[in-house]
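Please walk me through this structure, one part at a time. I am new to it and would like a plain account.

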Amino acid sequence: MDNRGIDFGFGFLKQEASFDMQFTLLDYDGQDSYAWAYVVALLNTLLVSFLGIIFCTILGVIIGVARLSQNFLIRNSAAWYVEFFRNIPLLLQIFFWYYAALRALPLPETAEPWFGVTYMTIKGYYIPSMIWENLNVFLSCLIAAIVSIIFIRIYARKLQEREGKQLPVFYISIGLLIILPLLSFLIGGVKLDFELPVLKQLAQTSFIFEGGIALPPELIALVVALSLYTSTFVAECVRAGIQGISKGQKEAAASVGLNPNQILKLVIMPQALRIIIPPTTNQYLNLTKNSSLAAAIAYPDLVLVFAGTALMQTGKAIEIVGITMLTYLTISLSIAALMNWYNKRIEIKEK
Amino acid sequence: MFKHLKQLTSLVAMIAVVFAFTTEAMAKKSKTLKNTQKKGFVRCGVSQGLPGFSNADASGNWTGIDVDVCRAVAAAVLGDANKVKFTPLSAKERFTALTSGEIDILSRNTTWTLSRDADIGLTFVGVNFYDGQGFMVRKSSGITSTSQFKDGISACTNIGTTTELNMRDFFNSKGIKYEPVAFEKADEVVAAYDAGRCDTYTTDKSGLAAQRTKMKNPNEHIVLPETISKEPLGPVVRQGDAVWEDIVRWSLNTMIEAEEYGITSANADSMKTSDNPAIKRLVGAEGEMGAAFGLDNEWNLRIIKQVGNYGESYKRNIADTGILPDRGPNQLWTKGGILYVPPAR
């Protein structure tokens, strides 16, 4: 490295970054340090991964169950969906959603509102933002509701073990979740206002929306592409999990008098999850790593901002690529650890 | 007696070794030059396609004024301007490619700045295009000056460039809130701007003029008159090989000085009999202008004959292609521009 005139060191992290980012979760300005730019970019990566994991799980479960449907149309559309989205390279799908699908969207001035108050445009999805008064009262009510639900569940289980009685825990939980926060509005002095996006003219033919929250099209395209792609793999895991439970289990459960709901909840799902979780963990890890393809469409994630702009401006290739690799390794191992912990919890307790 | 003889021989041997090393050093053969001559081609890093500067046609032939710098070096050190291997690089990859030794010259519309020159193991050898950052907008927007920019404007650009930093300085100094949308490849920036994702596209003005030719309807876009930065673009070499650095610097200087003295690819041979010693030195007919680089005496004649002088290169690549017909500051100092190179003597 000396030969090539490169010096090694991490001092650059304290220097002023002096570039701006399009989309950040925390306050960031070009005057902040490279270290802070790293944190902000990392959060963008985590946001995409988090949203992607949530959506791909929801979609994956629906598609996976649909593939086992008795209905010919549902079963076959689900199969087509899986075969279509999992056999096209992810990068192409990202380009498709960004350049083809999002480009077909209207300019801000011609956008029709969705649900009355949100606007989907080529420059992003504009939604109202919430302005809270006494947000902490609302939050403490919400936490109180969740804590009491946990206690009620524990009590209900003990009651069932002791006396065989069953409490309608689900309805009680829903009720608590609605009533307590509602009370905070009525007597806690909590107020919620919405700031609506308003069209603003920048020049003769150039408009944007102001106010509210703007979700950049880059984020939307990335989350859509990652979720659709990964959901096909999750769907296959779910299908395998459910098919892996023998029919006898269901019949045996029915013969001891459990209703269909209880069969699914108490007999099928606990066993299916054991098959579903380990391969699904792999898919979550893949999604997180694939999120680095964000660099292709200008979403300011860790790779674009830190291993891109910051690397370029400082020339510290070895340090920055090293930090970036360690970061992805840490994220992946953390997800794996979390999923392994969950897997341990639900696996067969052998005595 | 024999004992002394033994000491004497070892002394002689030592002197011989030292002498061998010093003559080796005095021959000044650059390591990069040696490797280049061994390989038989110059390894040159260029852009991924910027018309006028470095652009490949359908059959893979590279043209442009940045490309011509590498061709000039190839003509000088290998005798054939076509013996160049071009490596297209993104803005992000370019410096790593050079410092890691994947290429030997980076001639990729790269801005000469203090931190790049001093920090990251690079040396800038000169300027082959004086540029400045500007903005492009859609004509229909009615914007004719950057003073009409308003809060909320979105600006498309490349990551890893001085553009990204200048843009911030510009908008901050004007107190305008803006949305930066930074892509890795120039083609992606153009596609996004062309589709309406951004209100303005900012990069070096030469780049704007060149990229405009790639748009769906070039006439719908205008480049605003303001220039917000100095962007001297030039070739870069790795730090630590002073001779190679000199070869690249003087290959570029030769092209510019040849224009000054009216030497062109067509008349270069006949200039050998010129009365002007400055001209004779530029075509290898007088002096020992190649020895210091470890090259023969006609290295500069080959550059002019095979690549042409700077004016020819500019005309061929930038003026005749309609990118920037007006040479502006990139005119010779004798004709009102700022192209002024040290004399070859």
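Two residues are in contact here if their C-beta atoms, placed from the backbone, lie within 7 Å. By that rule, and leaving aside its neighbours within four places in sequence, Thr280(A) is in contact with Val234(A) and Cys237(A). The model is a predicted one.

Thr280(A) is a place to begin with chain A. Thr280(A) sits in helix α8 of chain A, which covers residues 260-290. A residue is called buried if 20 or more other C-beta atoms lie within 10 Å of its own. Thr280(A) is buried because 25 other C-beta atoms lie within 10 Å. Between Thr280(A) and Val117(A) there are 163 residues in sequence and 36 Å in space, taken from C-alpha to C-alpha.

The rest of chain A can be described in outline. Chain A contains 10 helices and 8 strands. Its C-alpha trace spans about 75 × 60 × 45 Å along the principal axes. Chain A has 351 residues, of which 31% count as buried. Taking contacts in chain A between residues at least 6 apart in sequence, 65% join residues at least 24 apart.

One backbone angle in chain A deserves a look. Most residues other than glycine have a negative phi. In Ser18(A), phi is near 55°, a positive value in a residue other than glycine. Ser18(A) belongs to the segment before α1 of chain A, a helix that covers 34-66. Ser18(A) counts as partly exposed because 16 other C-beta atoms lie within 10 Å, where a buried residue would need 20 or more.

Chain B can be outlined in the same terms. Chain B has 12 helices and 14 strands. Along the principal axes, the C-alpha trace of chain B spans about 95 × 50 × 40 Å. Of its 345 residues, 50% count as buried. For contacts in chain B between residues at least 6 apart in sequence, the share that joins residues at least 24 apart is 73%.

How is chain B divided into domains? Domain 1 of chain B is made of 31-130 + 233-329, and domain 2 is made of 133-229. The C-alpha centres of these two domains of chain B are 30 Å apart. Where the domains touch, 15 residues of domain 1 of chain B are in contact with 15 residues of domain 2 of chain B. The domain 1 side of this contact has 7 nonpolar, 7 polar and 1 charged residues.

Next come some helices of chain B. Helix α9 of chain B (residues 242-260) and helix α11 of chain B (residues 299-306) pack at an angle of about 60°, and their axes are 10 Å apart. The crossing of α9(B) and α11(B) is right-handed. On the α9(B) side the contact is made by Ser251(B), Thr254(B), Met255(B) and Ala258(B), which meet Asn300(B), Ile303(B) and Ile304(B) in α11(B). By class, the residues of this contact of α9(B) with α11(B) are 4 nonpolar, 3 polar and no charged.

Which residues of helix α12 of chain B (residues 310-319) are buried? They are Tyr310(B), Gly311(B), Ser313(B), Tyr314(B), Asn317(B) and Ile318(B). These residues are on the same side of α12(B) because they cover an arc of only 155° around the axis. An α-helix has 3.6 residues a turn, so residues three or four places apart point the same way. The buried residues of α12(B) pack against β3 (62-63), α3 (65-78) and α9 of chain B.

Chain B also has a residue with a positive phi. In Asn109(B), which is not glycine, phi is near 25°. Asn109(B) lies in the loop between β5 (105-106) and α5 (114-119) of chain B. Asn109(B) is buried because 27 other C-beta atoms lie within 10 Å.

The last topic is the contact of the two chains. Chain A gives 33 residues to this contact and chain B gives 37 residues. On the side of chain A that touches chain B, the elements that give two or more residues are β6 (198-203), β7 (206-210) and α9 (302-314) of chain A. Of these, α9(A) gives the most, with 5 residues. The residues on this side of chain A divide into 16 nonpolar, 11 polar and 6 charged.

Technical notes: Residues numbered from 1 in each chain as written. Chains lettered and ligands numbered in written order. Predicted model: local features only at pLDDT ≥ 70, side-chain atom pairs only at ≥ 80, totals over all residues. Axes fitted to C-alpha atoms, helices over the stretch in contact; angles between N-to-C directions. Helix = DSSP H or I, 4+ residues; strand = E, 2+ residues; numbered from the N terminus. Left-handed = near helix turned anticlockwise from the far one by under 90°. Nonpolar A, V, L, I, M, F, W, Y, C, P; charged D, E, K, R; others polar. Buried ≥ 20, exposed ≤ 12 C-beta atoms within 10 Å, placed from the backbone. Arc of directions from axis to C-beta. Domains from an automatic or database assignment.
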